[in-house]
Amino acid sequence: MALLSVIRRWHFREHLSIREISRRTGLSRNTVRKYLRSGDVEPKFKVPERPSKLDAFADRLSAWLKTEANKPRKQKRTLKQLHADLTGLGYDGSYNRVAAFARDWKAARQRELQTSGRGTFVPLSFEPGEAFQFDWSEDWAIIGNERTKLQVAHTKLSYSRAFVVRAYLLQTHEMLFDAHNHAFRAFGGVPRRGIYDNMKTAIDKVGRGKERDVNARFLAMASHYLFEPEFCNPASGWEKGQVEKNVQDARHRLWQPIPRFASLDALNEWLENRCKELWRQTSHGRLHGTIADIWAEEAPALMAVSRPFDGFVEYTKRVSPTCLIHLERNRYSVPASLANRPVSLRVYPEKIVVAAEGQLICEHRRIIDRSHDGPGQTVYDWRHYLAVVQRKPGALRNGAPFVELPDAFRMLQQQLLRKPGGDREMVDILALVLQHDEQAVLSAVELALEAGVPTKTHVLNLLHRLIDGKPVVPPTVDAPQALTLTKEPKC
């Protein structure tokens, strides 16, 4: 290249003859003349075609490389294995020639994909209220001084690009339904279509082309909100590129540095407020104005939300003889009348509800423990075991469900269990909450403890006075002087 530049400069700028240039460079005059006539700034050298030992096996090797490219990474044959297979077919060339052929084949295939396949895209355009996109991601936060791995739901309107982010501990059906409830509430309505990838919480089986076996509960949610679910082709994340980009942007906007909150509810409240703040700060890009401005234009095109979807997942469980049901290595109590019977367990993101014979029986706060080291936790409601201790009052002393009784009941129990028959009296007092307001029973017990008369009879007397609205402390009687007692009776 440097010699060509010198030859051109000598001839066209300094007007040297071809003979002089030939003398200075040692090239023949025909070679110098050829360079000057070509007009090319960069010389090109034709590489002669030479026969290769691999030519006879080129088609076979190309077919193998195409087959291996479609296999999972762990099942692909290495180039050394392909070279050994070719050797078995009669190839006696080197491994380096096979490797060079494979590099050229992969480069050609990559160019083909970039021009006619996955490397090229068509810009998409959406109408107001037409569609939203949904995706999951994994991120970290410090919840209650513990570094916690979170499953983050991203929902984004395709027209205005308004987005909502919400964090959960699991990526399950009930979490998916809850994420949609909060997203539609924040958006102020529901678009006509929802665009998803083939996530397991929505798709039971992926068929050919666009054939999908959609989960029944997911279809129930789509039917409730009256939007049409649409699923991308497998491994085609660009078909919902807006929310894919939102996942990347959120890591810098929301999760760096790692947020720290006392509870997951506090984190989600901050996430929603932060998302709306970013609407006001981020320009739309294609349309004039911020995301918040374009969302205000899109909001009237969204269908109003009537009521949230009741997004529970239902399981059938059999109650154990100890009045417990099991879920995710944890145990929850149910009323003793359901022991050894099947019940319906409805699982929500933050609670579980037990139903039987069409009636809601009880509910508990749901415990989600990501660690798998311990045996799990047990959540008791002492009221569920009152029917048992009425038959077996002795179980009250060491019964695990009664460890966390209200303070007034626990103090009364400590005094009653000191005397014979006290466990039976205590059970009868606790059983009052089945017929009367629990707070009224607690008030009666507290008054009995203050009066220093911790007995069943006195508690019943005080409870009936509270229920009837009569004064608990009798009024003072001004007796005539003649009726004054000389000796006060003892209670």
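# Strands, a pocket and a cavity

Trainee: How many residues of β3 are buried?

Mentor: β3 is mostly covered, with six of its six residues buried. Buried means under 20% relative accessible area, exposed means over 50%, and partly exposed lies in between (1.4 Å probe, protein chains only). Strands (E, at least two residues) and helices (H or I, at least four) are DSSP runs, numbered from the N terminus. This is a predicted model, where local features need pLDDT of at least 70, side-chain atom pairs count only at pLDDT 80 or more, and totals for chains, interfaces and linings use all residues. Residues are numbered from 1 along each chain as its sequence is written, and side-chain values use heavy atoms, with hydrogens and water left out.

Trainee: Which residues of β3 sit on which side?

Mentor: F163, V165 and A167 are on one side, and V164, R166 and Y168 are on the other. Both faces are covered.

Trainee: And how does β2 pair with β3, parallel or antiparallel?

Mentor: Antiparallel, over six bridges. Two strands pair if DSSP finds at least two bridges between them.

Trainee: New topic. How do you look for empty space?

Mentor: Rolling a probe the size of a water molecule over the atoms shows where empty space is left. The search uses a 1 Å grid over the protein atoms alone: a cavity is a set of points where a 1.4 Å probe fits but cannot get out, while a pocket is an open set with protein on both sides within 12 Å along at least five of seven lines. Lining residues have an atom within 4 Å of a point. Grid points are joined across faces, edges and corners, and a volume is the space filled by probe spheres set on the points.

Trainee: What classes of residue line the largest cavity?

Mentor: Four nonpolar, two polar and one charged. Ala, Val, Leu, Ile, Met, Phe, Trp, Tyr, Cys and Pro count as nonpolar, Asp, Glu, Lys and Arg as charged, and the others, Gly among them, as polar.

Trainee: How much space is in the largest pocket?

Mentor: About 700 Å³. It is lined by 26 residues, and the closest to its centre are I143, L169, L264, R366 and I368. By class, the lining has ten nonpolar, five polar and eleven charged residues.

Trainee: Which element gives the most to the lining of the largest pocket?

Mentor: β2, with four residues. The elements that each supply at least two are β1 (131-143), β2 (146-157), β3 (163-168), α7 and α10 (264-281).

Trainee: α7 keeps coming back. Where is H173?

Mentor: H173 is in helix α7, which covers residues 173-187. Leaving out residues up to four places away in sequence, H173 touches K200, T201, N215 and V313. Contact means heavy atoms within 4.5 Å.

Trainee: Which side chain does the H173 side chain make a polar contact with?

Mentor: That of N215, at 3.5 Å. A polar contact is a pair of N or O atoms within 3.5 Å; within protein, one must be able to donate a hydrogen and the other to accept it, and residues adjacent in sequence count only if both atoms are side-chain atoms. As for R217, H173 is 44 residues from it in sequence and 8.1 Å from it in space, C-alpha to C-alpha.

Trainee: Why is β13 called largely enclosed?

Mentor: Five of the six residues of β13 (residues 351-356) are buried, so the rest of the structure largely encloses this strand. R346 has V353 as its bridge partner in β13, and I352 stands opposite H364 in β14.

Trainee: Last one. N330, buried or exposed?

Mentor: Buried, with a relative accessible area of 2%. N330 belongs to strand β11 (residues 330-333). Beyond its neighbours within four places in sequence, N330 contacts I325, I367, G376 and Q377.
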